[in-house]
Amino acid sequence: MTTEEILEAISTERKRQLEKWGDQEHEQGTWLLILMEEIGEVSQDILQSKDEEYVFKELIQSAAVIVAWLEDVTR
C-alpha cells in the first residue's frame, strides 16, 4: 500500500469519526487516554494473533485520533 493510500484511509476514518462524534474538544490527558485505548486495541489484536487486516484497521483508527487531537490543538 502506498503512502497516499494510507493517508486516504486515515482521512476516510477521520470523516467517519466526525460523523459519529462531531468535532471533539478535550484536555490533553483525555486525548492521551483515547489514543492509548486505540493503541491498546492494536496490542490486543497482535496478542490474539489476528490477521494484519485487523491490525491495519486499528492503526488507521489510532492515526485518525491523532489527527483529531491535532485539529483540537490547532483550533
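1. pLDDT is the predictor's confidence in each residue, on a scale from 0 to 100. The protein chain averages a pLDDT of 96, and 100% of the residues score at least 70. Confidence is lowest in α2, at a mean of 95, and highest in α1, at 98; helices are DSSP runs (H or I, at least four residues), numbered from the N terminus.

2. This is a predicted model, in which local features need pLDDT of at least 70 and side-chain atom pairs count only at pLDDT 80 or more, while totals for chains, interfaces and linings use all residues. Residues are numbered from 1 along each chain as its sequence is written, and side-chain values use heavy atoms, with hydrogens and water left out.

3. α2 and α3 pack with their axes 8 Å apart, at an angle of about 170 degrees (axes are lines fitted to C-alpha atoms over the stretch in contact; angles run from 0 to 180 degrees between N-to-C directions). The two helices, α2 and α3, are therefore roughly antiparallel (angles over 145 degrees).

4. In the contact (heavy atoms within 4.5 Å), α2 residues including W31, L35 and I39 meet α3 residues including L59, I66 and W69. The residues of this contact divide into 15 nonpolar, 3 polar and 5 charged (Ala, Val, Leu, Ile, Met, Phe, Trp, Tyr, Cys and Pro count as nonpolar, Asp, Glu, Lys and Arg as charged, the others, Gly among them, as polar).

5. The lining of the largest pocket divides into 5 nonpolar, 4 polar and 5 charged residues. α1 (3-21), α2 (28-47) and α3 (52-74) each supply at least two of the lining residues, and α1 gives the most, with 5.

Key:
Parallel < 35°, antiparallel > 145°, perpendicular 65-115°, else oblique.
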